[in-house]
Amino acid sequence: MSENYGQRGLWRRDRVWSFLEPRAREVDVSRNVILYIEGVTVNFDGFKALNDLNLYINDGELRCLIGANGAGKTTLMDVITGKTQCNQGSVYFGQTINLLEHSEPEIARLGIGRKFQKPTVFEVHTVYENLELSLKTYKGVWYTLSAKLSMEEMDYIDEVLNIIGLEKHRYQVAGALSHGEKQWLEIGMLLAAEPRLLLIDEPVAGMTPQETERTAELLTSLAGDHTVVVVEHDMEFVRSIARTVTVLHQGSVLAEGSMEAIQNNPDVIEVYLGDQP
Amino acid sequence: MSQFFNALVSKGFFGKRIRNGVHMFSLILFVVVIVCSVSNLLVPEQSIFYVSTYTITLLGKYLCFALLALSVDVVWGYCGVLSLGHGAFFALGGYGMGMYLMRQVGDRGVYGNPDLPDFMVFLDWTELPWYWFGMDQFWFAIAMAIFIPGLLAFVFGWLAFRSRVTGVYLSIMTQALTYALMLAFFRNEMGFGGNNGLTDFKEILHFDLQSNETRVGLFFLSALVLIIALLLSQKIMKSRFGRVVISIRDGESRARFLGYVTDHYKVALFVYSAVLAAFAGVLYVPQVGIINPSEFSPINSIEVVVWVAVGGRGTLYGAAVGALLVNYAKTKFTAVLPDGWLFALGALFVGVTLYLPNGIVGFFEQRISFLKGDSSRELDSFEVKDKKSVSEVEV
Ligand SMILES: Nc1ncnc2c1ncn2[C@@H]1O[C@H](COP(=O)(O)OP(=O)(O)O)[C@@H](O)[C@H]1O
Ligand SMILES: [Mg+2]
């Protein structure tokens with residue numbers, strides 16, 4: 001799946017079953033757009049959680065999605081990651097990969113990482129093990145039975161630990177971390193998978209102001225190498241990281257642009273910002 | 001004895017090896033089994049150190065149950081798949097062995113037919129059904145006794161896990177599976193002896209099944225297989241595969257988003273578990289001398305779950321401890337109050353769930369790590385928490 005396995009890759013046991021693994025396909029970003037979402041509609045028993053939604057995400061950008069509760073932000077992430085089927089529309093990863101044809105694990109291996117709204121780390125595993133399980137490597141049954149960490153992988157885990165600032169907690173079980181640390185660990189788990197696109201759902205909910213600030217730094221530092229889509233409620237936080245903001249309202253895009261443009265947009269003021277104290 | 005033991009430990013002979021419950025349990029079991037075997041074969045019957053053949057066979061039976069409990073712990077304790085149908089895999093393994101033992105009877109049956117087991121002669125059958133062919137070969141019979149339950153687990157697991165059946169629904173399906181098999185095996189036309197099952201065995205690999213030596217041999221073999229299964233399971237659970245399995249237990253959706261095809265893991269683990277259960281059945285039948293459809297009855301499978309809960313789920317050796325203790329209690333209890341056992345079992349389950357959520361083993365491990373002032377989790381139990389370990393509202 002990746003070049004850096006070199007010769008060992010030739011006799012990896014799960015190569016025998018390679019036909020079971022999805023073909024390793026690199027995302028084609030020649031037009032500079034990494035995610036195309038066109039005309040997507042999701043119908044929950046007559047209620048349209050997403051309604052003819054169009055959204056394009058450029059390669060390497062940091063995009064904020066905002067919108068009132070129930071606007072469909074989480075549902076949108078569910079559609080992109082293969083958890084929810086959409087009734088209409090198309091979702092393409094780069095020019096060539098039709099995400100609607102793939103299952104959740106396949107989409108993860110294609111290079112799309114997702115952070116849930118609530119932190120979901122494996123609490124009985126140590127921080128280190130959580131990262132180990134997230135590494136971009138073979139995920140087949142036979143391979144994991146005898147998998148050992150390579151030197152490069154260990155170095156990479158150290159690097160991720162460093163980025164998320166949890167070096168001191170590496171052998172601690174994840175269940176013992178604070179709420180904010182769990183959120184960072186989960187972001188670290190995404191990084192360990194070396195994704196192209198990160199989908200991050202409400203990362204700072206429940207964080208202290210200091211933790212929020214650190215998270216903002218972390219996310220901005222990730223953009224560029226990765227494409228990052230952040231869903232957030234906290235306008236202060238959005239203001240501190242956003243370059244482009246997209247406003248969702250009742251399952252479709254209401255407005256899109258820089259933070260100032262959004263704040264002065266009369267539609268947005270009416271339906272969303274107007275409600276804010 | 002204990003001095004010898006201490007010396008071994010303090011000399012660091014086993015040093016790192018005896019640092020966890022599975023190793024400790026295996027060592028103790030091994031020593032006990034050797035002592036019992038020697039006391040049966042070499043000590044004269046009048047001596048107080050003599051262990052009767054009856055006791056040996058009883059212990060051998062318990063060891064098979066311990067292996068069955070281990071197989072349930074592997075899927076339930078580590079992957080959260082509560083199977084209430086593992087008795088089916090156990091019984092199928094037992095029937096495989098029973099078929100071999102039946103063919104070994106040869107012309108010494110009541111009707112003296114060299115090819116047909118007695119019950120077939122009784123039903124006026126004239127030739128052996130095709131699925132009995134080859135079962136007179138020991139290795140083929142054992143292979144089938146393991147392969148068929150494994151295949152059934154594979155097909156069942158594939159269908160159930162792929163359609164994402166989980167929780168109570170899965171448990172009910174496993175009950176239905178074993179119940180359906182019980183009804184099928186009750187039918188005479190199935191060719192497995194109907195409700196009488198297979199019995200009146202004479203010998204195994206030309207060893208007389210009634211002799212002390214054979215009994216001790218089977219007992220010893222049961223212990224050996226249990227120890228190997230414990231060590232192998234521990235190795236699997238300590239590999240990355242094991243960590244993925246635990247992750248699936250605690251947050252299957254998260255594991256999928258990390259790129260793991262969780263159904264494959266569950267199917268693989270389920271098949272491994274069924275194979276362990278089948279081995280238990282294979283070892284069980286020659287020791288008790290009979291296999292009949294009641295082994296498929298749903299209540300048997302539920303009992304196994306109680307053993308695991310009592311011992312402590314998610315610890316491997318806890319399952320074995322639970323099986324040994326509960327079955328010992330059952331033997332004692334039914335001698336006094338034959339009809340009360342199911343009530344006692346129910347009470348035991350409720351009591352353990354309320355007061356010992358991590359089972360006996362979990363309770364002692366917590367005490368020990370508390371005494372050692374040890375907050376790391378060197379002890380092998382991945383504690384099974386009551387609350388869901390992963391907070392996942394959106395799944
Ligand atoms: N599985 C579902 N079945 C029915 N309705 C759902 C389901 N998931 C989400 N919804 C509804 O879709 C709407 C959008 O939800 P969501 O995407 O979670 O919003 P948010 O923007 O707050 O993340 C909400 O009104 C929610 O109640
Ligand atoms: Mg949401």
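Residues are counted from 1 along each chain as its sequence is written, with chains lettered from A and ligands numbered from 1 in the order in which they are written. Since this is a predicted model, local features need pLDDT of at least 70 and side-chain atom pairs count only at pLDDT 80 or more, while totals for chains, interfaces and linings use all residues.

**View 1. The shell around ligand 1.** Here ligand 1 sits among A:Phe44, A:Ala49, A:Gly67, A:Asn69, A:Gly70, A:Ala71, A:Gly72, A:Lys73, A:Thr74 and A:Thr75 (a residue is near a molecule if its C-beta atom, placed from the backbone, lies within 6 Å of it). Sorted by class, the shell has three nonpolar, six polar and one charged residues (Ala, Val, Leu, Ile, Met, Phe, Trp, Tyr, Cys and Pro count as nonpolar, Asp, Glu, Lys and Arg as charged, and the others, Gly among them, as polar).

**View 2. An open sheet in chain A.** Six strands line up as β6-β7-β8-β3-β9-β10, with mixed pairing; two strands pair if DSSP finds at least two bridges between them. At the edges are β6 (112-115) and β10 (252-257) of chain A, each pairing on one side only. From one strand to the next the twist averages 20 degrees (axes are lines fitted to C-alpha atoms, for helices over the stretch in contact, and angles run from 0 to 180 degrees between N-to-C directions). β6(A) and β7 (residues 197-201) of chain A run parallel, joined by four bridges, and A:Arg114 has A:Leu199 in β7(A) as its bridge partner. α1(A) lies across β3, β6, β7, β8 and β9 of chain A, at about 150 degrees to β7(A).

**View 3. Around B:Ala69 in chain B.** Apart from neighbours within four places in sequence, B:Ala69 is in contact with B:Val304, B:Trp307, B:Val308, B:Gly311, B:Ala319, B:Ala320, B:Gly322 and B:Ala323; contact takes C-beta atoms, placed from the backbone, within 7 Å.

**View 4. Where chain B touches chain A.** The contact takes 28 residues from chain B and 28 residues from chain A. On the chain B side, α9 (240-257) and α10 (262-288) are the elements that give two or more residues, and α9(B) has the largest share, eleven residues. By class, that side of chain B has 13 nonpolar, seven polar and eight charged residues.

How values were computed
Contact = placed C-beta atoms within 7 Å.
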